Amino acid sequence: MAENENKIASASADQKPVKAKKTSDKPGLFKRIGNWFKGLKSEFKKITWASKKATFKNFGIVLTIVIISAVVIGVIDIGLGAFFNFLLEVINF
């Protein structure tokens, strides 16, 4: 009985599985474009926008930081310019 099972197992192992013909599972171009737009629409529904008050508050913070940064960079630029002019006068260049 064990020999019979071994013969059956070895016979089935020798046979190669038959590969099925591959059919295109990919939908057509227009179907994929339609699915993309449906996904896009569902993603837009998930967006939560900030309130008007929070938007203006954040805008004020960003504007303040930009102005402070511009002033700091301007002061450093003027200071370095004056320092290098001083060095050039001392060296008599």
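Student: Helices (H or I, at least four residues) and strands (E, at least two) are DSSP runs, numbered from the N terminus. In what order do the elements of the protein run?

Tutor: They run α-α-α from the N terminus on. The count is three helices and zero strands. Keep in mind that this is a predicted model.

Student: What is the mean pLDDT of the protein, then?

Tutor: The mean pLDDT is 85, and 73% of the residues reach 70 or more.

Student: Which element has the lowest mean pLDDT, and which the highest?

Tutor: Helix 1, residues 2-14, has the lowest mean at 56, while helix 3 has the highest at 96.

Student: OK, helix 3. How many residues does it have, and how far does it reach?

Tutor: Helix 3 has 40 residues. From first C-alpha to last it reaches 58 Å, close to the 58 Å expected at 1.5 Å a residue.

Student: What follows helix 3?

Tutor: Asn 92 does, with a positive phi near 60 degrees.

Student: Which residues form the nonpolar patch on the surface?

Tutor: Among them are Ile 68, Val 72, Ile 76, Leu 80, Phe 83 and Leu 87. The whole patch has about 970 Å² of accessible area together. Ile 68 sits in helix 3, which covers residues 52-91.

Student: Why would residues three or four places apart point the same way?

Tutor: Because an α-helix has 3.6 residues a turn.

Student: What share of the protein's residues is buried?

Tutor: Buried residues make up 0% of the 93 residues. The accessible surface comes to about 9,500 Å², and 68% of that belongs to carbon and sulfur atoms.

Student: New topic. How many salt bridges does a search of the whole structure find?

Tutor: It finds one. Glu 43 pairs with Lys 46, and their closest N and O atoms are 3.3 Å apart.

Student: Are those two buried or exposed?

Tutor: Glu 43 is partly exposed, at 45% relative accessible area. Lys 46 counts as exposed because its relative accessibility is 59%, and the cut-off is over 50%.

Student: And how many aromatic pairs are there?

Tutor: The search of the whole structure finds two. One of them joins Trp 36 and Phe 37 edge-to-face, with 4.9 Å centre to centre and 80 degrees between the planes.

Student: Is Trp 36 buried or exposed?

Tutor: Trp 36 is exposed, with a relative accessible area of 53%.

Technical notes: Residues numbered from 1 in each chain as written. Predicted model: local features only at pLDDT ≥ 70, side-chain atom pairs only at ≥ 80, totals over all residues. Heavy atoms only, no water. Patch = residues over 30% accessible without salt bridge, like charges linked within 9 Å, V, L, I, M, F, W, Y side chains within 5 Å. Areas by Shrake-Rupley, 256 points an atom, 1.4 Å probe, with all protein chains shown as cover. Salt bridge = Lys/Arg side-chain N within 4 Å of Asp/Glu carboxyl O. Buried < 20%, exposed > 50% of the residue type's maximum accessible area, 1.4 Å probe, protein only. Expected span 1.5 Å × (residues − 1). Phe/Tyr/Trp six-rings, centres within 6.5 Å; stacked < 30°, edge-to-face > 60°. pLDDT = per-residue confidence, 0-100.
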